[in-house]
Each structure stands twice: as C-alpha cells, then as structure tokens.
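Subject: Handing over the structure

Hello,

Here is the structure you are taking over. Please open it alongside this email.

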Amino acid sequence: MECMSEAINNLKLAFLGTGSMNGAILRGIIASGHDPKLITATLRSDSRAAELRELGVNVLVGAEDPQANSTAAAGADVVFLGVKPVGITALCDEISAALDPASVVVSVAAAITLESMVAHLPAGQPVIRSMPNTPLMVGAGVVGLSPAASVSQAQVDSVSALFAGSGDVHVIDEEQQNALSAISGSGPAYAFYLAEAMANAGVALGLDEKLSIALARATVAGAGKMLADPQADPAAMRRAVTSPKGTTERAIAVYDEQGIPQIIKDGTAAAAARAAQLSEEVG
Ligand SMILES: NC(=O)C1=CN([C@@H]2O[C@H](COP(=O)(O)OP(=O)(O)OC[C@H]3O[C@@H](n4cnc5c(N)ncnc54)[C@H](O)[C@@H]3O)[C@@H](O)[C@H]2O)C=CC1
Ligand SMILES: O=C(O)[C@@H]1CCC=N1
C-alpha cells in the first residue's frame, strides 16, 4: 500500500469541467496529500478560477483559451471528465487527439455509458465510468468505479487509490451504476433534504428559525459521524435512541404509518429510472 501511495503521489491529474463534483474530488485528493502543482483544472468561464488557484492548482479557462481542455489532458496520467452528462461525448471528441494512449479517462457523469465514451475516444484508450459523491471533499465520500476492458488492473488500482484517500471505493459492474447513483451519488441531497425538513418542523413547533437550523444541521452531521464507523448498523443505532413507550417511538410510528420507507424506495427508483432514461437520451 505504501508503494501504491508513492506511485499515485507522482501522478499528473487533469480535471476537465471543475464544478461541484470535479471540484469536490480535486479538494479531497489535495487534502489527502497530492501535490496541487501536479493538477490542472479547466473551467468554461473564470468565475470560479480564483478559488481553485488558491488551492495551488493550475487553472485553464475555456473562454480565454479554446485549447484549455486539450492542453490539460495532454500528458496527464488521469483525466477526470466533470461536465454535465450531455457534454461528455463532445468533450471526449475534443480531447482525443491530445490524449496519451496510457492516460486513464475517468468520467464522473451520471448515465453516460462506457460504450458511448469508447465510441468517442481513441481505440483502446483506458476509460472508467465512475459515480462519486460530493462528501469526497471532506474525506467522507463514496465512489463506484466501472472500468472498461481496456483498463489494466494496475490502472484500476491507481485510480482506486486516488479516491481512497477521501472516501470508500467500490469497483462494480456497470449495470449497477444507476442503482449506486440513486443511493450514494444523489444520497447527500437526501440527507440535506432531511435536515431541511427537520429545521422547518422545528420552526412549526415554535423554535426560533436559526436555532432550529442549528439543531437540525448538528444532529444530521452527528448521526452521520456515528454512521461513518464501518461496523455501524443503522437499524440498531435507531433502536438505541428509541426508548420503549418514549417520544422517538411515537415519531417513528407516524413515519411508518405514513409509508416513509416506501416513499424512499420510490424516490430512489425514480432516480435510477431517470439515469436509464438519460442514457437513452444522451448516452
Ligand atoms: N453534483 C453532484 O453531487 C454529482 C454530480 N455528478 C456528475 O458530475 C457532472 C458535473 O455535475 P456538477 O459538478 O454538479 O455540475 P457543475 O455545473 O457544478 O459543473 C460542471 C462544470 O463544467 C464546466 N464546463 C462545462 N462545459 C465545459 C467545457 N466544455 N470545458 C470545461 N468546462 C466546462 C462548467 O462551467 C462547470 O464549472 C455531471 O455529469 C453529473 O452527473 C456525479 C455525482 C454527483
Ligand atoms: O443529480 C444528478 O444528476 C447528479 C448525479 C448524482 C448526483 N447528482
């Protein structure tokens, strides 16, 4: 593992389209010790360039330099594609001539299949479909990786090690990507939604809004920290808070009666179905 961390420490990285998701991966990788001087990030406009430059990374802005993505990709060992799904194949076309045959292309886009990327990259180019999540930026993320047949085990290990400094890595069959996306890719939004709903509920119970937001935020964050233990059992932890004939029991009974578990199933099924639909539309 020490050898692997030495090997990945020298990798040159390119982040093409450095918005929320690529920005979170980049921050996680820097926080885990990667030299920012080995990283080049591109943006379409310069509105976020200053904050990226403050991290010590090289920033190229497409509006000022039409070659920005190709320049960043050239000579990079790993090239993260972080634009919206609809822009991924065009970005593959744009950078194809600049890519080194040994560079590993890692797409973070929902729904865009390996097959569609392979069709827009040079023959045999190593490419990985990934589904990360934004908590990577605080070292508490999750990512699912699905490598194409062109990717060697050593390359899978390198990309896994890059992510492993800031989160859990799961190598999965591509068929599972839409389901993983519905749970861990979108999942941070569900936790934030719960915090929002709890804050609003506190206000309805008469709490001051600022206090209610502070309570909801710290409670969801604290519960998340407890869940971070790999041995944590969410059901057992819920039961530990739920005293027989106590207050929590009443709340959970209402949630069960109103079908919250089924509602969560329906929501994640809708997210996975949307990914499949997006694959048809743009993949
Ligand atoms: N936001 C999230 O939590 C997650 C997002 N994703 C995936 O990440 C991808 C990006 O999503 P977000 O980061 O949320 O969007 P975003 O809009 O925050 O970031 C996209 C960035 O790409 C830039 N961009 C667009 N076209 C470009 C081009 N041709 N060259 C260089 N830069 C360009 C935009 O200016 C923007 O900064 C999507 O494909 C999405 O499916 C995956 C998992 C989670
Ligand atoms: O909402 C989306 O489409 C992306 C993929 C998972 C999280 N955000």
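Below is what was found in it, region by region.

First, a caution. This is a predicted model.

Domains

The protein chain divides into domain 1 (2-177) and domain 2 (187-278). Their centres, taken over C-alpha atoms, are separated by 32 Å. Contact between the two involves 7 residues of domain 1 and 5 residues of domain 2. On the side of domain 1 that touches domain 2, 5 residues are nonpolar, 2 are polar and none is charged.

Strands E2 and E3

Start with strand E2 (39-43). E2 runs parallel to strand E3 (residues 58-61), and 4 bridges join them. Leu43 stands opposite Val61 in E3. Helix H3 (residues 49-54) belongs here too: E2, H3 and E3 make a right-handed β-α-β unit.

Next comes strand E5 (residues 104-107). E5 pairs with two strands that I checked. Strand E4 (residues 78-81) runs parallel to E5, with 4 bridges between them. Leu81 has Ser107 in E5 as its bridge partner. Strand E6 (residues 127-131) also runs parallel to E5, and 3 bridges join these two. Here Val106 stands opposite Ile128 in E6. Another right-handed β-α-β unit is made by E4, helix H5 (residues 88-95) and E5.

Where do the side chains of E5 point? Val104 and Val106 point one way, while Val105 and Ser107 point the other way. In a regular strand, side chains alternate between the two faces of the sheet. Are these four E5 residues buried or exposed? All are buried.

Ligands

Ligand 1 is surrounded by 25 residues. The closest are Gly17, Gly19, Met21, Arg44 and Ala109. Helix H2 (20-31) and strand E2 each supply at least two residues of this shell. By class, the shell around ligand 1 has 11 nonpolar, 12 polar and 2 charged residues.

Which residues are around ligand 2? They are Ala110, Ser181, Gly185 and Ser186. By class, that shell has 1 nonpolar residue, 3 polar residues and no charged ones.

Two loop residues to look at

Ala111 sits in the loop between E5 and helix H6 (114-118). Ala111 has a positive phi of about 75°, although it is not a glycine. Ala111 counts as buried because it has 23 C-beta neighbours inside 10 Å, and the cut-off is 20 or more.

Lys245 is in the loop between helix H11 (234-241) and helix H12 (247-257). Lys245 also has a positive phi, of about 65°, and is not a glycine. Is Lys245 buried or exposed? Lys245 is exposed, because 6 other C-beta atoms lie within 10 Å, and 12 or fewer makes a residue exposed.

Val142

The last stop is Val142, in strand E7 (residues 141-147). Val142 counts as buried, with 20 C-beta neighbours inside 10 Å. Which residues is Val142 in contact with, leaving aside its neighbours within four places in sequence? They are Asn133, Gly167, Asp168 and Ser184. Val142 and Ala164 are 22 residues apart along the chain, and their C-alpha atoms are separated by 8.9 Å.

That is the handover.

Best wishes

Terms used
Residues are numbered from 1 along each chain as its sequence is written. Chains are lettered from A and ligands numbered from 1 in the order in which they are written. This is a predicted model: local features need pLDDT of at least 70, side-chain atom pairs count only at pLDDT 80 or more; totals for chains, interfaces and linings use all residues. Two strands pair if DSSP finds at least two bridges between them. A crossover is right-handed if, with the strands pointing away from the viewer, the path from the first strand over the helix to the second runs clockwise. A residue is near a molecule or strand if its C-beta atom, placed from the backbone, lies within 6 Å of it. Ala, Val, Leu, Ile, Met, Phe, Trp, Tyr, Cys and Pro count as nonpolar, Asp, Glu, Lys and Arg as charged, and the others, Gly among them, as polar. Domain bounds come from an automatic or database domain assignment.
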